[in-house]
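Please open the model in your viewer and keep the sequence panel beside it. The tour below moves from one selection to the next and says what is to be found at each stop.

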Amino acid sequence: MRKTAFHAPLLGGISPETFLAEYWQKKPLLIRQAWDRFPELIDFARLSEFAQRDDIESRLITQQNGRWTLERGPFSPSRLKRLPETDWTILVQDVNHQVPHIAEFLYQFNFLPYARLDDVMISYAPPGGTVGPHYDSYDVFLLQVGGKKRWQISSDDAMGFIEDAPIRVLKEFNPEQEWILEHGDMLYLPPKYAHYGVALEPGMTYSVGFRAPKTQEIASKFLEYLQDELCLDGMYSDPDAQVTTTPAQIDAQFTARIQQMLTQIRWDEHMVQDFIGRYFSEPKPHVFFDQHSDPLEYDDFVAAVASHGVTLNLKSQMLYNEQGIYLNGEALEADELASLSATELAQLRALADQRSLPGGEYDEALLEVLYTYHEYGYLAPANHG
């Protein structure tokens, strides 16, 4: 996938710099006719196919007589055929992993780091379909595709959520602004900005979400990372032990020795950078890569890359920093990094930024890295599935 040039209409004609300075995580922005450049619409029929797969996350939300229900996929065809004419919404995550032009849409937001981009979730709703008034803990762009939807928003989210509802629905919602979004219109909302969308006509919402892990999650994952990276010397010893008359007591000296042992736990910027590269490129738990059943032979791969270039798998996340290259949670080994020239490292970084490399002649060390990734199913020549 080649990096698509930024299109000003995506943000209503304002520059990315202006958007980040004046709106990002500050206030909402309604953008009329932001984007409608799709070769096809992911309608209910296509979305239903995804919702029946066990390797794709999907949900069905309905509301009847003031009660909310939540069902999780995969769904059987018979279940989807029984849906009523109104008052339900089906949501499918990570559609950008399945459909190239949806991935192209996601990467229109490449004025922000890929480490922050999450996915494109597509929801379909007939008239009355809604997921209720709620807020998200992350930034979101809501693009209307087909049909019409009424959106109400509010900066007031203090009332909390209904306790017994299976989804996050605000107890009270007092709208401050309201719009009708039609095909191609898009609404940006900062984190924790309450919003309530109700379909007026059958249509879809393409939701672009952003990763915003909680501090607790990052800390927990970093501690897991340290388990594999730390190698501490020594073992517990107490040569000055004294006779005790309270053997069940954990005394102050024992605690002090353990505390001293734990002071050996150290990390530095190098380890933090490595953790970030691995953690933010790691696939979600439900994402798997199938190794090619018919991987190209190395010579055929080299010829295909020379003719057509190479493209990352739609599911792949490739990042880099000053010290390494990271693809799907894995770091390029130190000896492989050392074998690459400055030009080859620049080409790998270009692959990460652009998600593709053009056809051409590449040096052997780079081709060997690319071929290994091809065998893993992480990338392929542009003309090869």
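Which residues of helix 8 (residues 298–308) are buried? Select the helix in this predicted model, and you will find that F301, A304 and V305 are the buried ones. These residues cover an arc of only 100° around the axis, which puts them on the same side of helix 8. Turn to the other side of helix 8, where D299 and S307 are exposed. Before leaving, select G309, which follows helix 8 and has a positive phi, near 80°.

**The whole protein**

Now zoom out until the entire chain is in view. The protein has 11 helices and 17 strands, and its C-alpha atoms fill a box of roughly 75 × 70 × 45 Å, taken along the principal axes. Of its 385 residues, 44% count as buried, while the accessible surface comes to about 20,100 Å², with 50% of that belonging to carbon and sulfur atoms. Among contacts between residues at least 6 apart in sequence, 80% join residues at least 24 apart.

**Aromatic rings**

Next, show the side chains of the aromatic residues. A search of the whole structure finds 33 aromatic pairs. Begin with F19 and F141, whose ring centres are 5.7 Å apart and whose planes meet at 40°, so the pair is tilted. Because F19 lies in helix 1 (residues 16–22) and F141 in strand 6 (residues 140–145), the pair ties together parts that are 122 residues apart in sequence. Both F19 and F141 are buried.

The relative accessible area of F141 is 0%, and F210 counts as buried at 1% relative accessibility.

For another charge over a ring, go to R211, whose charged end sits over the ring of Y279, 5.1 Å from its centre.

S207 counts as buried, at 9% relative accessibility. Leaving aside residues up to four places away in sequence, S207 touches D119, V120, M121, V140, F141 and L142, so that F141 from the ring pairs comes back into view here. For a distance to check in the viewer, the C-alpha atoms of S207 and P127, 80 residues apart along the chain, are separated by 19 Å.

Then move to N328, in the loop between strand 14 (325–327) and strand 15 (330–331). Although it sits in a loop, N328 is buried, with a relative accessible area of 6%. The side chains of N328 and S316 are joined by a polar contact of 3.2 Å. Residues that N328 touches, not counting those up to four places away in sequence, include S281, E282, P283, F289, K315 and Y378.

**Backbone details**

The last stops concern the backbone. Most residues other than glycine have a negative phi, and most peptide bonds are trans. Select G73 and P74, where the peptide bond from one to the other is cis, with omega near 5°; P74 has its place in the loop between strand 3 (67–72) and helix 3 (77–81).

Which phi does Q33 have, positive or negative? Its phi is positive, about 50°, although Q33 is not a glycine. Q33 lies in the loop between strand 1 (29–31) and helix 2 (44–51) and is partly exposed, with a relative accessible area of 45%. Finish at R355, a residue other than glycine with a positive phi near 65°, found in the loop between helix 10 (342–354) and strand 16 (356–357). R355 is buried, with a relative accessible area of 2%.

Methods. Residues numbered from 1 in each chain as written. Heavy atoms only, no water. Buried < 20%, exposed > 50% of the residue type's maximum accessible area, 1.4 Å probe, protein only. Helix = DSSP H or I, 4+ residues; strand = E, 2+ residues; numbered from the N terminus. Arc of directions from axis to C-beta. Phe/Tyr/Trp six-rings, centres within 6.5 Å; stacked < 30°, edge-to-face > 60°. Lys NZ or Arg CZ within 6 Å of the ring centre and 35° of its normal. Polar contact = N/O pair within 3.5 Å; in protein donor to acceptor, adjacent residues only side chain to side chain. Contact = heavy atoms within 4.5 Å. Areas by Shrake-Rupley, 256 points an atom, 1.4 Å probe, with all protein chains shown as cover.
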